[in-house]
Amino acid sequence: MAGSEHSMAAVERPESSVVRTGTKSGMLGSGGGGRGGVRVTGEGTGTGAVASNADQSYGGEGGTVGVGDVSSDDHSAESSVSEDATWITWFCSLKGNEFFCEVDEDFINDDFNLTGLSSQVAYYNYALDTILDVDIPESELDDKQQELVEVTAETLYGLIHARYILTVRGMHAMLKKYKEGAFGRCPRVHCSGQAVLPVGQSDMPRNSTVKIFCPMCW
């Protein structure tokens, strides 16, 4: 993309940002505050973008633009999630996880769609059970293992998500979020609040951070 001014940002999520034990009411977050904070740092040419864990906003030529135009209502999104919500709904509702859409459980339940993923994460079966809200007997895992399973479940969901958004249903789900501006808007003045898209450069975990693509900059 040389020769044009792109507004790109690299997004880094804390490797262990969520610990869930028992029911959703027993979920604990690191740092006491938010459970899904992200750090956004400017990268590449064009306007740099910097965001803190607290407000997750993009600063650029046109002022400050937040992911999905974050408002005070978004800060209470966690507390508004029903106790009966699925793990997938809960995970996608966390601040910092705006780039994820909800993967259909039918897709996850099809073993063909998960081919090869068991070798990429530890505690694969437990992590998959966590994503699908299958009860895991407390006697099978100690507290440290439960924490590792929760972190692994997040990684596994990301790998599944990368495959899901290549399907027709997945692309429709991401298109809907794009039209709603859920992924954020370009901070450059001349882009006039153009909605942006998250772009992954690798389907392997921790190989590369997510980039933000603005079609107007292109």
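The protein averages a pLDDT of 72, and 62% of its residues score at least 70. pLDDT is the predictor's confidence in each residue, from 0 to 100. This is a predicted model: local features need pLDDT of at least 70, side-chain atom pairs count only at pLDDT 80 or more, and totals for chains, interfaces and linings use all residues. Residues are numbered from 1 along each chain as its sequence is written, and side-chain values use heavy atoms, with hydrogens and water left out.

**Confidence**

- Confidence is lowest in strand S3 (residues 27–29), at a mean of 32, and highest in H4, at 96. Helices (H or I, at least four residues) and strands (E, at least two) are DSSP runs, numbered from the N terminus.
- The pLDDT is below 50 over residues 1–79. Beyond near neighbours in sequence, this stretch has 174 contacts in the model. A contact means heavy atoms within 4.5 Å.

**Helix H6**

- H6 covers residues 143–164, which is 22 residues. From first C-alpha to last, H6 reaches 31 Å, close to the 32 Å expected at 1.5 Å a residue. The expected span is 1.5 Å times one less than the number of residues.
- Aspartate 142 caps the N-terminal end of H6. One of its side-chain oxygens lies 3.2 Å from the backbone nitrogen of lysine 144.

**Aromatic pairs**

- The whole structure holds 8 aromatic pairs. Rings of Phe, Tyr and Trp (its six-membered ring) pair if their centres lie within 6.5 Å; planes under 30 degrees apart count as stacked, over 60 as edge-to-face and the rest as tilted.
- Tryptophan 87 and tyrosine 157 pair edge-to-face, at 5.8 Å centre to centre and 65° between the planes. Tryptophan 87 lies in helix H3 and tyrosine 157 in helix H6, so the pair ties together parts 70 residues apart in sequence.
- Tyrosine 157 is buried, with a relative accessible area of 0%. Buried means under 20% relative accessible area, exposed over 50%, partly exposed in between (1.4 Å probe, protein chains only).
- Phenylalanine 100 and tyrosine 157 form a tilted pair, at 5.8 Å and 55°.
- Trp87, Trp90, Phe91, Phe100 and Tyr157 form one aromatic cluster.

**Salt bridges**

- The structure holds 2 salt bridges. Each is a side-chain nitrogen of Lys or Arg within 4 Å of a carboxyl oxygen of Asp or Glu.
- Aspartate 104 bridges to arginine 169, with the closest N and O atoms 2.9 Å apart. Aspartate 104 lies in the loop between H3 and H4 and arginine 169 in helix H7, so the pair ties together parts 65 residues apart in sequence.
- Glutamate 180 and lysine 176 form a salt bridge at 2.7 Å, N to O.

Notes
A polar contact is a pair of N or O atoms within 3.5 Å; within protein, one must be able to donate a hydrogen and the other to accept it, and residues adjacent in sequence count only if both atoms are side-chain atoms.
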